[in-house]
Amino acid sequence: MLVIQRKAQRNWTYSNMMSVIRYHLMTYIDLFKILKNPEAKWEEITTKNTGQLSLFDP
């Protein structure tokens, strides 16, 4: 978590960063996008349907 905190482009306190990560643990978000700009629109930070490979594609 300290590596993620240092890579984030915004100054976060450790406890605040962990709260945001814990809150979004089961959502399809790009972690660094939400840590960079937590006020961004949901469509900008989600990773679902971005061309991610599927195990079941033919």
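How many helices and strands does the protein have, and where is methionine 1 placed, and which residues does methionine 1 touch beyond those up to four places away in sequence?

Reply: This is a predicted model, and in it the protein has four helices and zero strands, which follow one another along the sequence in the pattern α-α-α-α. Of the 58 residues in the protein, 22% are buried, and the accessible surface comes to about 5,200 Å², with 55% of that surface belonging to carbon and sulfur atoms. Among the contacts between residues at least 6 apart in sequence, 28% join residues at least 24 apart.

Turning to the part you asked about, methionine 1 lies in the segment before helix 1, which covers residues 2-7. Methionine 1 has a relative accessible area of 42% and is therefore classed as partly exposed, because that class lies between the limits of under 20% for buried and over 50% for exposed. When residues up to four places away in sequence are left out, methionine 1 touches Tyr14, Met17, Met18 and Ile21.

As for the aromatic side chains, the structure holds zero aromatic pairs, but a charged group does sit over a ring, since arginine 10 lies over the face of tryptophan 12 at 5.6 Å from the ring centre.

Key:
Residues numbered from 1 in each chain as written. Predicted model: local features only at pLDDT ≥ 70, side-chain atom pairs only at ≥ 80, totals over all residues. Heavy atoms only, no water. Helix = DSSP H or I, 4+ residues; strand = E, 2+ residues; numbered from the N terminus. Buried < 20%, exposed > 50% of the residue type's maximum accessible area, 1.4 Å probe, protein only. Contact = heavy atoms within 4.5 Å. Areas by Shrake-Rupley, 256 points an atom, 1.4 Å probe, with all protein chains shown as cover. Phe/Tyr/Trp six-rings, centres within 6.5 Å; stacked < 30°, edge-to-face > 60°. Lys NZ or Arg CZ within 6 Å of the ring centre and 35° of its normal.
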